[in-house]
Amino acid sequence: MPGKGNGLSLLLNTAQMDRTPFLTTSAGARVMVHSPDTVPFLEDGGFDIQPGLETSISMHKEEVSRLGGQYGDCTWDGSELKVTNLYRGAYTQQACLRSCFQLTMVSRCGCAHYSYPLPPGSEYCDSHRHRGWGHCYFQLYKEYTGDVLGCFQTCRKPCR
């Protein structure tokens, strides 16, 4: 049922001193509504809720169906792509892009970044065992954002 008195209601207790100043510039909460079979990537979606204010949100769900084949370039589950999905759940373009970056990092830098899932047979980067991994990461990230790695061409939009 629609309306302010219906639906999900949350009371969050946030404090300015609880934020991590080097990781975020704002206080409050970030909210994202997603399907239960997909991994939420808060950097790409969601919205911020300011502390000390009452906030009401109305949402409308849309489902997009792409035809694929001769009509467009999409994938149903990502199984035909050259990138192994490191995230559990349904295929999303964001999960594919992050998997592409992590797999390239392991092959080039010799270790995996701790912000992403660990590929089989690899280990997370450690300053004692992997000297210079930070420099390798930043070089790779620069190539990723400039689309030199080709992840944006490889990871197609889902057909649904």
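Student: Which residue forms a salt bridge with glutamate 43?

Tutor: In this predicted model, local features need pLDDT of at least 70 and side-chain atom pairs 80 or more, while totals for chains, interfaces and linings use all residues. Residues are numbered from 1 along each chain as its sequence is written, and side-chain values use heavy atoms, leaving out hydrogens and water. A salt bridge (a Lys or Arg side-chain nitrogen within 4 Å of an Asp or Glu carboxyl oxygen) has its closest N and O atoms 2.6 Å apart here, and the partner of glutamate 43 is arginine 98.

Student: In which helix does arginine 98 lie?

Tutor: Glutamate 43 sits in the loop between strands S1 and S2 (47–49), and the pair links distant parts of the chain, 55 residues apart. With helices (H or I, at least four residues) and strands (E, at least two) taken as DSSP runs numbered from the N terminus, arginine 98 belongs to helix H1.

Student: Which element has the highest mean pLDDT?

Tutor: For pLDDT, the predictor's confidence in each residue from 0 to 100, the chain mean is 86, and 92% of residues reach 70 or more. Among the elements, strand S1 (residues 29–31) has the lowest mean, 83, whereas the highest, 95, belongs to H1.

Student: How many salt bridges does the structure hold?

Tutor: One of them joins glutamate 43 to arginine 98. Throughout the structure, the number of salt bridges is nine.
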